[in-house]
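I am opening my notebook to look through one structure, beginning with the surroundings of its ligand and ending with the chain as a whole.

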Amino acid sequence: MRKKIIAGNWKMNKNFEEGLALVSEAANMIHDEYQGSAQVVFIPPFIHLNAVSKLISAESNLFSGAQNCSNHASGAYTGEISTGMIKSCGASFVIIGHSERRQYFNETNDWLARKVDAVLSENLTPIYCCGETLEERESNVHFDVLKKQISEGLFHLSAEAMKQVVIAYEPVWAIGTGKTASTAQAQEVHAFIRSLIEEKYNKEVADSITIQYGGSVKPENAAELFSAPDIDGALVGGAALQSRSFADIVKAMK
Ligand code: PGA
C-alpha cells in the first residue's frame, strides 16, 4: 500500500503568529474529525519551521516540510538554507522544483537533481514537482516535458533511493488559477509517470511511489481526484491557507 500524503504549501504567506494559529487550528480539526491514515504535511516559510514542528507530532501523522533547500551542505552561500538545517528544525519533507522555482528562479532539472541528493543525504523526503505549461499541453508535448523533468531530476537515483521520493504532478496552468485538471487528465498523467518509473526501475518501485496532484485542489474537488487509482494525495496551495478548507481536503482522503 502506498502512503497517502496531503501537503499544504503556504508559499510566501502568513506571518509567524498567523502561521502558528493556522497549524494549531488545522491540527485540532484533523485530530477531532479525521479517521483516515493519510500523512499531513505543513509547509510554511523557513523561519516558521522550527515552531511549527514543535506544534505537531509524527504519531498523529502530522509532519512539517520546507519549500526549498540549498544543494550545498554548508559554507559561504549567503541567504541559503541547507537540508541539515531543515532537519534540525524538525522537518521531514522538502519541496523540490516547484514550478515557481523553475520559472522565477531559473531552476533546471540538473540543478534540482543535486537538491534531491541533498534532501536524501539527510534522510528527508523530497516532494519533486513536475508539470507542463498550458502552451506545452496545447501543443501536445506535455508527456515529453514530464519525461524530461522526471528523468533528468530523478533517474540518477538508485532504486532504493527512488523509493524515498514523493512526486507531485502540478500542471502549471492549474496552479493558483482555479482551473483544476479533470480527474481523468490527472489520472492519465499519474499513470504515465508511474509507467516511466516502472520502465526505468521496476514495478515494485513504481507501485511504491506516492504521486500527489497539485493545482487548485479544493474541498469541492478533492474527493473526486482522490478516487483515481494513481492519485495518492495532494500538494495544496491556496486552500492550505485556511484551516477549515485544508482540514476538509484531508478529510476527503479515505
Ligand atoms: P494552488 O497551488 O493549490 O493554489 O493552485 C498549488 C501549488 O502551487 O502547490
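Before anything else I note that a residue counts as near a molecule if one of its heavy atoms lies within 4 Å of it. I also keep in mind that this is a predicted model.

Entry 1, the ligand shell. Which residues come nearest to the ligand? I looked at the 13 residues around the ligand and found that Lys11, His98, Glu170, Gly176 and Ser216 come nearest. When I sorted the residues of this shell by kind, they divided into 4 nonpolar, 7 polar and 2 charged.

I next asked how much of the ligand the protein buries. The ligand taken alone exposes 290 Å², and the protein buries 95% of that.

I located Lys11 in the loop that runs between strand 1 (5-9) and helix 1 (16-33). Asn61 has a positive phi as well, near 65 degrees, and I found Asn61 in the loop between helix 2 (49-55) and strand 3 (62-66).

Where does the charged end of Arg101 sit? I found it over the ring of Phe105, at 4.0 Å from the centre of that ring. Turning to pairs of rings whose centres lie within 6.5 Å, I noted a count of 5 aromatic pairs.

I finished with the secondary structure of the protein chain, which comes to 12 helices and 8 strands. The radius of gyration of the chain is 17 Å, close to the 18 Å that the globule rule gives for 254 residues, so the chain is as compact as a globular protein of that length. Along its principal axes, the C-alpha trace spans about 45 × 45 × 35 Å.

Methods: Residues are numbered from 1 along each chain as its sequence is written. This is a predicted model: local features need pLDDT of at least 70, side-chain atom pairs count only at pLDDT 80 or more; totals for chains, interfaces and linings use all residues. Side-chain values use heavy atoms; hydrogens and water are left out. Rings of Phe, Tyr and Trp (its six-membered ring) pair if their centres lie within 6.5 Å; planes under 30 degrees apart count as stacked, over 60 as edge-to-face and the rest as tilted. A charge sits over a ring if NZ of Lys or CZ of Arg is within 6 Å of the ring centre and within 35 degrees of the ring normal. Accessible areas come from the Shrake-Rupley method with a 1.4 Å probe; for residues, only the protein chains shown count as cover. Ala, Val, Leu, Ile, Met, Phe, Trp, Tyr, Cys and Pro count as nonpolar, Asp, Glu, Lys and Arg as charged, and the others, Gly among them, as polar. Helices (H or I, at least four residues) and strands (E, at least two) are DSSP runs, numbered from the N terminus. The radius of gyration is taken over C-alpha atoms; the globule rule is 2.2 Å times the number of residues to the power 0.38.
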